[in-house]
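Here is a short report on one protein model. Keep the sequence and the structure in view while reading.

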Amino acid sequence: MMTIHEQLINDLNQAVKDGKPWVAFNDQGDTELTPYTIHVFASAREAERFCDEANGGFDFAEQVFNFENYIYMQSATLKASLAFEKQQINPIAIDTSAIAQQMAEQSLYLPAGKSFDDLEASLSRGLFYPVVWQHAVDPLKEIAEYHVVGHQHNGGQVYEIGHSHRVLESFGSLREARTFMDGAVFYNELADKGTDYLIVGRFHGKSLELDMEGYAAPHSGITLVTAHHNYNDGHDWHELHSLSERATISQYFFVGLHDGKLVLYSDKLEPTTLGTAARSFYPTYFISDYLTIKNSSIMNEQSFDYVKNQLFYLGFGEEIAKPLREKMEQNLTEFTLPHSRKFGQDETSSILHFSKGDQKDKDMTFFNKADVTLKQPGKEDLTQTFFFGKEYNYTLQERYNMMDGRAAYREQPKVAPVEENGEVRMKPTGETYFGWRGLDFKNADQYGNFNPKVMFWNHQKEVGKYPIKGIEENYDKQRLIAKLEKGNKVDVILLRDGQEMPAKMVANPRMARLDFYDSNGQTLMVRKVEKQALDQTQKTEMTPQEVQKAAIARAAEQKQDQGQVQKPGTDDEQKNNTAQRKKHGVHV
């Protein structure tokens, strides 16, 4: 007795023999992949249309939308996705330069959103991949006949349902077709029938083929003029192409390798050539990647994409995607991955922890935490565990900055103690706040992790108090602040008596100040300056109104600073700050 996987392969092999090399199925949630849930097709166009109708279809009996996720692929790809068959595939050596040259010579391009790596991966497995052929035509020479098409839609909630169109009349010239269309539009507006009109030109030697809205399929003709019915019982006219100008036509094909050369195939995967009649299709639901299959069902590929993208945006790079997939394909409940990254002379060496979800999310894998070890020349290694969730995560760069003694500023969730099963845990309240977060190197928990330290400080206002070049414009200032908020050492130019001095600036929310360092890492003592409102008035590019506003703003700020009540304990902090500033350094 055959297993479900064996039965699937047997059915797919038979479908290919019967001239049906495409397979479609629902990749939604926990939908089982069985011989009864797959659908085979002779062409990609048929598979595409099936997926389009199945996804988001409206159930009139239940009066609800069916949000499905039907996709289609080559039967060979689905067969190879079965673990025991996938191991038998030996990749074909690909000459990427030769492939790129052959595509350029034939004016072939990759579809939007697709990469050359995707093409190379498919070709190396002996599979086919969609490409776009773009070529210019002379409408006046290519068009044999002009057709006036009427199109109607019943106005239902599902746009794809309820379309109808027909050719009203055919003519030998565009002038005749336009005259007929003008009359049709005029009488349609009087009768309020809500019809759209199109003039399409049929190419010589081609049979006209229209899509659901009445537009000409690229291989059969070209749409020249449209008149769409509007809500004011009128029509909006658009000239899409002119007979006096060349038009660019796009058609989709598939490519594969034969003896190391690129070969063109139709949507039925039959060899073809450019310029031959080919039915129009667009690979919206086409998938070229392998799927991960377990327990006779497809493991959610979106889980891999989600974790892969999460790791990338958190700063763990693209290279980790390959070992991540290898681990996830083993269907492990828990696993770890090593990772290292250089930050100048420093390096972080991390162990990333992953685990499967609960019963509800049993097919999902989650990135939970990272044990990060900071290695710095001349210093003992420092290790800290950081946890990660669905949102409000700090990047690896920001975590490194925290371990290096700095802090990062971003939005974070408010938490409150909640008792669960006799234990008190900190749970998000649903509200958020913005603040600086660093590590408290004087206090650690029972596991040796330093406690977080949250600080609040108006750093944006503080930046404007220092003689920094290039922050006059708000855009440039905000770019600098964005780098500062990550906890980075930001390169700046300090100004003093017309002289420029390169320096590095660091946010110090613990002391509510900015710290500056020279190229050798030595502290620079930088004095705060006025906002220079009066000096700004002397700039020739300022208008009299701007001069007044700048002077008034400066006076108001001085009055506000003088009226603030000093908080208790501030004297001691100011004395400490003064003592710090008396340390040896360069004064600016």
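## Overall figures

The accessible surface of the protein comes to about 34,200 Å². Carbon and sulfur atoms account for 48% of that surface. The model is predicted.

The protein holds 16 helices and 28 strands. Of its 588 residues, 39% are buried. Take the contacts between residues at least 6 apart in sequence: 54% of them join residues at least 24 apart.

## The sheet β21-β22-β23

Three strands make an open sheet, in the order β21-β22-β23. Their pairing is antiparallel. The edges are β21 (408–420) and β23 (450–455). Each has a single partner strand, so one side of each is left without a neighbour in the sheet. From one strand to the next, the twist averages 70 degrees.

β21 and β22 (residues 423–444) run antiparallel and are joined by twelve bridges. Within this pair, Val415 stands opposite Pro428 of β22.

## Helix α11 on the sheet

Which helix packs on this sheet, touching β21 and β22? The helix is α11, residues 396–403. Its direction makes about 45 degrees with that of β22.

Helix α11 is largely enclosed by the rest of the structure, because seven of its eight residues are buried. The buried residues are Leu396, Glu398, Arg399, Tyr400, Asn401, Met402 and Met403. Charged side chains are thus named here too: Glu398 and Arg399 both count as buried. Just after the helix comes Gly405, with a positive phi of about 100 degrees.

## The five-stranded sheet

A further open sheet has five strands, in the order β9-β8-β10-β11-β12. Pairing is antiparallel in this sheet. Its edge strands are β9 (163–171) and β12 (235–239), and each pairs on one side only. The twist here averages 20 degrees from one strand to the next.

β8 (residues 143–153) pairs with β9 in the antiparallel sense, over eight bridges. Tyr146 has Phe171 in β9 as its bridge partner.

β17 (residues 334–343) and β18 (residues 346–356) run antiparallel, joined by ten bridges. Arg341 stands opposite Thr348 in β18.

How many residues lie between the strands of this hairpin? There are two. Gly344 takes a positive phi there, near 65 degrees.

## Packing of α9 and α10

Two packed helices are described by the angle between their axes and the distance between the axes. For α9 (residues 301–316) and α10 (residues 321–329), the angle is about 145 degrees. Their axes are 10 Å apart. The crossing of α9 past α10 is right-handed.

From α9, the contact takes in Glu301, Ser303, Phe304, Val307, Lys308 and Leu311. From α10, it takes in Ala321, Leu324, Arg325 and Met328. The residues of this contact divide into six nonpolar, one polar and three charged.

An α-helix has 3.6 residues a turn, so residues three or four places apart point the same way. Phe304, Val307, Lys308 and Leu311 are among the α9 residues in the contact.

Ala98 lies in helix α5 (residues 96–105). Is Ala98 buried or partly exposed? Its relative accessible area is 24%, so Ala98 counts as partly exposed. Buried would require under 20%. Leu262 is 164 residues away along the chain, yet the C-alpha atoms of Ala98 and Leu262 are separated by 9.0 Å.

Ser107 is partly exposed, with a relative accessible area of 26%.

## Asp259 in its loop

Asp259 sits in the loop between β13 (247–258) and β14 (261–265). It is not a glycine, but its phi is positive, at about 55 degrees.

The cut-off for exposed is over 50%.

How values were computed: Residues numbered from 1 in each chain as written. Predicted model: local features only at pLDDT ≥ 70, side-chain atom pairs only at ≥ 80, totals over all residues. Heavy atoms only, no water. Pairing = 2+ DSSP bridges. Helix = DSSP H or I, 4+ residues; strand = E, 2+ residues; numbered from the N terminus. Axes fitted to C-alpha atoms, helices over the stretch in contact; angles between N-to-C directions. Contact = heavy atoms within 4.5 Å. Left-handed = near helix turned anticlockwise from the far one by under 90°. Buried < 20%, exposed > 50% of the residue type's maximum accessible area, 1.4 Å probe, protein only. Areas by Shrake-Rupley, 256 points an atom, 1.4 Å probe, with all protein chains shown as cover.
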